[in-house]
Amino acid sequence: MKTRVSERLGVEFPVLAFSHCRDVVAAVTNAGGFGVLGGVVHTPQRLEIDLAWIEEQTRGRPFGVDLLLPSRYEGADQGGLDRDAVRQLLPPEQQAFVDDILLRYGVPAGADPDGEGGSLDLLRVSPKGYEPLLDVAFAHRIALIASALGAPPPALIERAHAAGVTVAALAGTVAHAERHKAAGVDLIVAQGTEAGGHTGEIATMVLVPDVVDAVRPTPVLAAGGIASGRQIAAAFALGAEGVWCGSVWLATEEAETHPVVKRKFLEASASDTVRSRSLTGKPARMLRSAWTDEWAREDAPTALAMPIQGALVADAQRRIARAAASSPGAERLANYFVGQVVGRLDRVRPARHVLIDMVTEYADVVERFAAEARGQG
Ligand SMILES: Cc1cc2nc3c(=O)[nH]c(=O)nc-3n(C[C@H](O)[C@H](O)[C@H](O)COP(=O)(O)O)c2cc1C
């Protein structure tokens with residue numbers, strides 16, 4: 001598994017694990033992979049605590065941080081909107097739609113504003129929001145900073161390079177990848193539509209070789225639909241020099257996935273996800289549930305722009321999360337971002353075991369190919 005990416009990042013396996021949970025990040029890094037902490041819903045104080053904890057747990061092993069730096073969002077002209085300004089922009093039609101869903105499904109009122117499922121109104125997607133997070137990240141021993149939804153600004157790339165930090169960026173099309181390369185990004189993550197979270201329309205199988213060819217010699221990681229060694233081998237065959245996985249960690253022991261949602265993930269098949277703008281305002285792949293069905297209704301209002309949609313639904317998501325284990329209506333609505341590999345998630349295991357199984361299966365595939373090439377297959 002030695003590639004330019006494993007050498008550059010100083011890891012045994014070029015398997016990058018995206019997660020919002022610090023425990024997953026530390027576990028994967030300690031098992032020889034590379035954990036990346038998703039920080040978009042962290043407060044600077046929380047990020048400080050989590051990065052200090054990861055540093056302590058990983059004792060010199062490398063890890064990274066990921067932020068959303070979208071090129072288009074509401075309030076871009078002003079450098080971003082604060083929480084109150086966003087709330088002023090919530091239209092009555094959409095608010096009434098969300099209230100009606102909660103009423104019809106019998107979701108109990110009242111939820112802790114800092115409770116589970118409640119961070120969508122805190123998406124730090126503008127410079128006002130993410131710059132304090134960057135200051136915290138760079139004060140720590142990070143080896144990589146990743147940006148999604150847009151190319152990292154020149155000042156960020158300069159800052160990272162001055163600190164010896166690798167810059168990665170997610171791309172869903174060749175045009176995105178070319179823009180990242182032109183901006184000076186070191187590592188392109190070609191993320192296919194089957195991925196969980198914000199995702200485009202092109203499948204990993206088609207996207208990865210196109211991106212590899214377009215940005216050569218910049219190394220490429222494949223993302224979207226990778227949860228096994230066979231899929232890693234396929235990614236390498238497409239020209240990737242490593243993989244970037246998100247969904248597979250959601251069913252690990254370390255993940256803080258809501259227990260009801262975790263159970264739904266274990267039961268779901270590959271057909272049970274949809275791309276929906278209902279949580280953040282941009283198309284993101286998530287588990288299909290009564291929530292996504294309601295937003296897909298013909299008479300549903302259009303979802304609002306990022307980050308207004310997140311603010312619109314944050315309180316509803318908090319209420320759903322709080323009641324999901326006890327209210328059948330909330331249980332039906334509950335969902336979360338996940339990719340099509342959800343169909344492969346069938347038991348809860350430590351992240352370390354997941355990584356070891358992936359790497360072992362990858363080695364078996366490579367061995368089988370080698371044997372077949374020698375005529376002993
Ligand atoms: C729950 C969840 C949240 C995500 N949030 C982010 C995010 O904040 N930033 C980001 O760059 N990617 C995010 N992603 C996408 C992942 O970085 C990754 O590209 C994707 O999960 C890979 O495809 P897979 O889900 O098939 O493994 C998220 C994915 C999931 C499943």
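In this predicted model, helix H15, which spans residues 351-373, contributes four residues to the lining of the second largest pocket, the most of any contributor. The volume of this pocket is about 320 Å³. Its lining comprises 15 residues, and those closest to the centre are Ala227, Val248, Arg344, Asp346 and Arg349. Sorted by class, the lining holds six nonpolar, three polar and six charged residues.

Helix H15 also carries a pair of charged side chains. Arg368 and Glu372 form a salt bridge, with an N to O distance of 3.8 Å. Both residues belong to helix H15 and stand four residues apart, about one turn of the helix. Arg368 is partly exposed, because its relative accessibility is 42%, and Glu372 is likewise partly exposed, at 41%.

Another salt bridge links Arg374 with Glu367, their closest N and O atoms lying 3.8 Å apart. Arg374 counts as exposed, at 51% relative accessibility, whereas Glu367 is partly exposed, at 46%.

In total, 20 salt bridges are counted. One of them pairs Asp186 with Arg8, at 3.5 Å between the closest N and O atoms. Asp186 lies in the loop between helix H8 and strand E6, while Arg8 lies in helix H1, so this pair ties together parts that are 178 residues apart in sequence. Asp186 is buried, with a relative accessible area of 13%, but Arg8 is partly exposed, at 46%.

Finally, Ile202, Met205 and Val206 make a nonpolar surface patch of about 270 Å². Ile202 sits in the loop between strand E7 and helix H9.

Notes
Residues are numbered from 1 along each chain as its sequence is written. This is a predicted model: local features need pLDDT of at least 70, side-chain atom pairs count only at pLDDT 80 or more; totals for chains, interfaces and linings use all residues. Side-chain values use heavy atoms; hydrogens and water are left out. Patches are made of residues with over 30% relative accessible area and no salt bridge: like charges are joined within 9 Å, nonpolar side chains (Val, Leu, Ile, Met, Phe, Trp, Tyr) within 5 Å. Accessible areas come from the Shrake-Rupley method with a 1.4 Å probe; for residues, only the protein chains shown count as cover. A salt bridge is a side-chain nitrogen of Lys or Arg within 4 Å of a carboxyl oxygen of Asp or Glu. Helices (H or I, at least four residues) and strands (E, at least two) are DSSP runs, numbered from the N terminus. On a 1 Å grid over the protein atoms alone, a cavity is a set of points where a 1.4 Å probe fits but cannot get out, and a pocket is an open set with protein on both sides within 12 Å along at least five of seven lines; lining residues have an atom within 4 Å of a point. Grid points are joined across faces, edges and corners, and a volume is the space filled by probe spheres set on the points. Ala, Val, Leu, Ile, Met, Phe, Trp, Tyr, Cys and Pro count as nonpolar, Asp, Glu, Lys and Arg as charged, and the others, Gly among them, as polar. Buried means under 20% relative accessible area, exposed over 50%, partly exposed in between (1.4 Å probe, protein chains only).
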